[in-house]
Amino acid sequence: MSLPPLVEPAAELTVDEVRRYSRHLIIPDVGMDGQKRLKNAKVLAVGAGGLGSPALMYLAAAGVGTLGIVEFDEVDESNLQRQIIHSQADIGRSKAESARDSVLGINPYVNVVLHEERLEAENVMEIFSQYDLIVDGTDNFATRYLVNDACVLLNKPYVWGSIYRFDGQASVFWSEHGPCYRCLYPEPPPPGMVPSCAEGGVLGVLCASIGSIQVTEAIKLLAGVGDPLVGRLMIYDALEMQYRQVKVRKDPDCAVCGENPTVTELIDYEAFCGVVSEEAQEAALGSTITPKQLKEWIDSDEKIDIIDVREPNEFEIVAIPGARLIPKNEFLMGSALQDMPQDRRIVLHCKTGVRSAEVLAVLKSAGFSDAVHVGGGVIGWVNQIEPQKPIY
């Protein structure tokens with residue numbers, strides 16, 4: 001469906017701006033009027049990571065007048081494989097400041113506003129209210145539902161994207177004209193069911209593929225051209241090099257944008273999404289050890305069996321000495337239980353402690369009451385015990 005332009009045009013373009021945006025100006029569907037609308041637009045990017053990087057760079061190049069950046073993290077070396085807005089020299093810097101400098105390097109006519117804080121229920125409404133359009137580049141379900149609900153309550157459109165390994169998705173959610181994110185995904189997946197990019201990985205260039213779709217949709221909405229992805233989900237398979245679309249209909253029973261909404265204000269999204277299941281939380285209570293404790297047990301020859309529940313490719317990157325690999329799924333399927341020792345204490349670990357807590361719950365229910373897991377996982381081990389080893 002075609003929609004009216006989201007913003008009014010600015011009064012004029014300067015001579016320098018006309019020269020800069022000339023390739024837009026000679027497109028009949030954009031022209032002077034469309035470029036003036038981009039100049040007058042205020043767009044907020046949630047995150048300056050994998051999706052936020054190409055989105056911010058192309059929004060800046062396109063001439064969006066005001067760009068807001070919500071980001072609280074610092075640049076890490078592992079970011080550089082995909083977060084192209086940052087460079088080697090930015091490692092350890094604020095991502096928001098690094099992104100701002102890159103944006104201004106591309107287009108000094110852009111006004112960049114930094115929100116160097118974690119997006120939460122307490123600040124999201126005040127931040128979002130300052131912008132015409134939200135571009136969502138978040139990588140966790142709690143923030144996605146927060147962004148969605150805030151946009152519905154404020155009647156703001158937002159362009160959503162998601163990436164994982166070789167697969168990407170993109171859509172435009174705007175409850176006034178179509179479905180919202182909850183219409184597509186009414187409930188978050190069970191805790192631990194869907195790995196994050198930090199656990200499962202992502203092809204770096206996939207960020208550019210999906211991020212560029214997001215910017216294309218943003219420009220269409222701001223300038224009022226074309227047929228935006230409202231009510232459609234774009235799915236991209238990089239391995240097969242295939243795009244396909246799925247229609248998404250507005251759910252009349254949607255909890256936030258339906259005819260009789262039950263979510264009329266922001267909620268506790270961490271609790272709603274449950275980063276770790278209740279069973280895992282209960283199992284880990286009193287059964288969590290530190291990397292230093294594990295090191296002491298190893299040095300004193302305690303009778304333990306260290307089991308790494310990550311995936312084989314993760315195990316190849318870095319491992320705790322003496323650990324053996326049994327991926328989490330083998331515990332969930334039950335096939336690993338028969339190989340568990342009865343004469344030694346089982347010590348589980350993963351990358352950070354989330355997956356190992358889920359496996360710990362399985363072992364506890366199977367009768368291994370003295371099993372424990374390592375809080376912080378192999379990342380904690382490297383940081384505290386073997387800092388010369390790599391992390392990912």
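Is Cys 183 buried or exposed? I looked this up in a predicted model. Cys 183 has 11% relative accessibility, so I noted this residue as buried.

**Cysteines**

I searched the model for disulfides and found zero by the rule. For Cys 183, the nearest cysteine sulfur belongs to Cys 257, at 3.5 Å, and Cys 183 is in no disulfide. I checked the pair from the other end: Cys 257 has the sulfur of Cys 183 as its nearest cysteine sulfur, 3.5 Å away, and is likewise in no disulfide.

**Domains**

I took the bounds from the domain assignment, which gives domain 1 as 15-273 and domain 2 as 278-385. I recorded 36 Å between the C-alpha centres of domain 1 and domain 2. Four residues of domain 1 and six residues of domain 2 make up the contact.

**Interface**

How much area is buried between domain 1 and domain 2? I noted about 430 Å², with 34% of that area coming from carbon and sulfur atoms. On the side of domain 1 that touches domain 2, I listed two nonpolar residues, one polar and one charged.

I next looked for salt bridges across the interface of domain 1 and domain 2, and the rule finds zero.

Conventions:
Residues numbered from 1 in each chain as written. Predicted model: local features only at pLDDT ≥ 70, side-chain atom pairs only at ≥ 80, totals over all residues. Heavy atoms only, no water. Domains from an automatic or database assignment. Contact = heavy atoms within 4.5 Å. Buried area = accessible area lost by both parts, 1.4 Å probe. Salt bridge = Lys/Arg side-chain N within 4 Å of Asp/Glu carboxyl O. Nonpolar A, V, L, I, M, F, W, Y, C, P; charged D, E, K, R; others polar. Disulfide = S-S within 2.5 Å. Buried < 20%, exposed > 50% of the residue type's maximum accessible area, 1.4 Å probe, protein only.
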